[in-house]
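This briefing goes through a structure by topic, beginning with a single residue and its surroundings and moving on to charged pairs and a helix. Please read it alongside the sequence and the model.

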Amino acid sequence: MKNRFQTVFYVTALIAGVASVAVMVTVGLLYNAAYNQTRKQLADTVNSHANLIEAVARHDRIHSPENSVNATISQIVDAHQQDKGFGETGEFTLATLKNDMIVFLLSHRHKVKTSEQGDQSMVPFKGKAAEPMRLALLGRTGTVVGVDYRGKTVLAAYRPIAGLNCGIVAKIDLAEIRRPFIGISIVAILTVVLLSLLGVWLAVGPLFKRLDEGAARITSIVETAVDPIITITSKGLIESYNSAAEKLFGYSVEEAVGNNISMLMPSPYREAHNGYLARYMKSGKKNIIGIGREAIGKKKDGTTFPLMLSVSEVQLNTEDSSQSDRLFTGFIRDLTEQKQREEELIQATQKAEKLSAFGDIIDRSLNEILIFEAASLRFIHANHGACRNLGYTLDELQQMTPLDIKPEFTQASIAELLYPLFDGSKDSLEFETVYRRKDGSEYPGKVHYESSTFGGRPVIVAIVLDITEQKKSEERLRKLSAAVEQSPVSIVITDIAGTIEYVNEQFTRSTGYAKTEVIGGNPRLLNSGETPKETYSKMWASLSKGEVWRGEFHNQKKNGELYWELATIAPIRNSQGETTHFVALKEDVTQKKQMRDNLIQAMHAAEDANRAKSEFLANMSHEIRTPMTAILGYTDLLFGDGDISKAPKHRIEAIETIKRNGHFLLGLINDILDLSKIEAGKLDAEQIDTSPHEIISDVFSLMKVRSESKGLQLNVQYDGPIPKTIFTDPTRLRQIIINVVGNAIKFTETGTVQIIARLLNEAGKDPQLQIDVTDTGIGIDKDKIEKLFMPFTQADGSMTRKFGGTGLGLAIGKRLTELLGGSLSVTSIPGKGSTFSIIVSTGPLDKVELVHGDVKPASTKVITEKTETQKASTKAPLQNCRILFAEDGPDNQKLIGFLLKKAGAEVTLADNGQISYDLATSALAEGNPFDVILTDMQMPVMDGYESTRKLRENGYRGSIIALTAHAMQSDRQLCLDAGCDNYTTKPVNRKELIEMVASYAGKTSEIEMK
């Protein structure tokens, strides 16, 4: 029977064991798959979130550059409030590093137990807590099993956020990943155990009939059991107590039986036990019974130890069937050794993890780590950084020695180098050398050699730092230092108190002070007392605000010489943004300042000369226009006095000669004034809607008479449609075209002169109107074209004698086209002719109609001087008009007075402004004021400006018209500013003069000119 029972038990145990192992392997594979899937999910999640955050950051840096970091974090925090986590402990965290603390900006969990929340706002950067976030803030990316800010072991993915100095972590408690698989394992194992027990039961069921026979045997088994077995009553009193319990607790059976089980428990278990047992007996609620759990036991000597306690309950019927009692049997396992082994295992595991992590870090380090045998010098290992930088694989390096990658090494030199490590005189060696890559390129490296052992054999561990960038930085620093030291400007560096810490060589050359004389001193040693105190106040005000200051100092050199410095002073800040020093760049600008002062004086002199020139031109205009008024005026009178046709022919020719040359002189004066106004920038062009067709037609009609007189053909052609109107100055455009066409006719003896108009409207450019004037004249040599547009010059000086002219027309035309937004140019072939191209801006043409030109030949209309006096009107235009005429020139007094009187006016003459003022005020006082005062502006005693100004100041409201030979636009404004109502120039136009006087005298409707 015993053999049968053992056989059944062993077979059942074997089956249960094999099944349990299969279950555990299956569960382990499932757990590993779930672990890898969760790790990938965390990595994908943290990458997608990081990419999103970086995209938002780039947007905020463009649209909110001054607060881009805060704006980005604010948006991400708001967005995550709507996000959901994953699992019960899944969590996203976003943090930054401030003052050695990890500050959490976002910590979002889908389900958080109140007891686990705690203070999650910040965690020290040093320590084990928040390990994933610390790795992210160190700029690393990856996954790790580590401790989070709550102290929980988690599986986490981490990554830095570019541009925000932040890190992001997605994590889940490792316990949550394991929990379902632990449950599966327990259920599976319990199922296997139950099935095994069922098999045992079915196998040994018949044996239970003989339990009574084996009771003594069972008692013997209990007594000889390795683990303590204790039975207690419902009142907690010990009823049985085996020998194993005696050994464990130290109490004998006699000492234990009959006493309360609490004697074997330390506080607080002792105090809680009786209450628990009473509650169970009353309510039946189990806490320990039927459930194995760890507890703490207390020995007789007072020491405590860990134990595993399993309690079973048996209900016993007494002789009184209405009464029953319960026994509780406790199976106790001493866990002291197990706990020690577990602790040792944990420590060993942690050490292994640290070594593994450390090895992984070393292997993935960007620094180069190579290990080679001390004897053969052959490499036995190289980390990822070494392989990547050298360009060799690990297998290739393991066939090489340092001699293969260090061009300066020989067998003897490396042996000499390593000898101090072999004899123990040195623990390590450090030096700089050059390494050669697989592709032949070389790079500098800083090397640290240490002797060690690897697999029981002596080796040399070489840690190599690629210092290419360091060397470049050193070279840049050397160049920068040389640039500063050799700079042509003085450079001074002071601390925030103004104490000089550095000056360059130029400073010593400029000031005469040696470096030893100024370092440790203050820049005020250069103070001459000539620089205003306000300059220093403004300088310190700017520097105290962290701003750059620029200004001038009037300083003093060591030898007492004064000099001017142009200084730029800027703050130097440390990594925290605090100003620690000031740097000043100072240039001696004494000579430049003197040159500038000389230039200013020259500019003032030029302005004075320009003003003198303008005043001279104005005076010359007045002096020439005044006699021209008399010449042209009296010429008109001679033509209109009597029947000119009856006069002798030579008299008529003389009068025509006087008139023709008078108009020529007037045109010359107008050209000179136009040129002077253009050069002075005082010629304004109006911008109005203008018909180019009408202007070209007018020029054609006007110039056709002149061309026909020379036997030339004048034609107009339109090269495609042109705008119906353009936005320009019609007077100036007409003046340009007349000048160019007149020149073409002048220098052409035979052939044609052609006017061709076209629209230039290229994409991407402003539209322009081009008018070409082409002739078949004498042409111009290339080397003389430049002179064409210079004032008072012609292409050939000899032409002036042959063709006449002042040489002002083209100079004025070129400047006028530029004023109209265009240009004037010429192409020419000597002996064959020339083409002058006039280009002007048209203004916008969006709503302007384009039309084809059609110039009909002008009707022959010869304008001649009237040979018969028209019949006088029945009524003079200035009849009953009283005019005060102020003029100092006798000839103009007679001429203009005659014209006014002939028009019916009553004229009173005044030789100067004082007489005019007196006559006007007297007439006003007598109640018989003049209808119009016509006053010259340039007169002796009192000029017309002062006379008009005094009349207006005394309340005179009558009409005052200025008459002046000054033709500048500014002169007209001066007349209006003095109080004149209008302005007319000499030489006078008889019709315009009479119309203007009549309009201000209220006689406009009565004008009937001859």
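This is a predicted model: local features need pLDDT of at least 70, side-chain atom pairs count only at pLDDT 80 or more; totals for chains, interfaces and linings use all residues.

A residue is called buried when its relative accessible area is under 20%, exposed when that area is over 50%, and partly exposed in between. Met 281, with a relative accessible area of 32%, is therefore partly exposed.

**Met 281 and its surroundings**

- Met 281 belongs to helix 9, which is made up of residues 269–283.
- Leaving aside residues up to four places away in sequence, Met 281 touches Ser 234, Arg 326 and Phe 328.
- Of these contacts, Ser 234 lies 47 residues from Met 281 along the chain, yet the C-alpha atoms of the two residues are separated by 7.5 Å.

**Salt bridges**

- The structure holds 32 salt bridges, among them the pair formed by the side chains of Lys 300 and Glu 255, with a distance of 2.9 Å from N to O.
- In another pair, Glu 587 forms a salt bridge with Lys 592, where the closest N and O atoms are 2.7 Å apart; Glu 587 has a relative accessible area of 27% and is partly exposed.
- A further salt bridge joins the side chains of Lys 765 and Glu 762, at 3.4 Å from N to O.
- Within that pair, Lys 765 is exposed, with a relative accessible area of 55%, while Glu 762 is partly exposed, with a relative accessible area of 47%.
- Beyond these pairs, a network of salt bridges links Glu 91, Asp 148, Arg 150, Lys 171 and Asp 173.

**Helix 23 and the residue after it**

- Which residues of helix 23 (residues 809–819) are buried? They are Gly 809, Leu 810, Ala 811, Ile 812, Gly 813, Leu 816 and Thr 817.
- Just after helix 23, the backbone at Gly 821 takes a positive phi of about 80°.

Notes: Residues are numbered from 1 along each chain as its sequence is written. Side-chain values use heavy atoms; hydrogens and water are left out. Buried means under 20% relative accessible area, exposed over 50%, partly exposed in between (1.4 Å probe, protein chains only). Helices (H or I, at least four residues) and strands (E, at least two) are DSSP runs, numbered from the N terminus. A salt bridge is a side-chain nitrogen of Lys or Arg within 4 Å of a carboxyl oxygen of Asp or Glu. Contact means heavy atoms within 4.5 Å.
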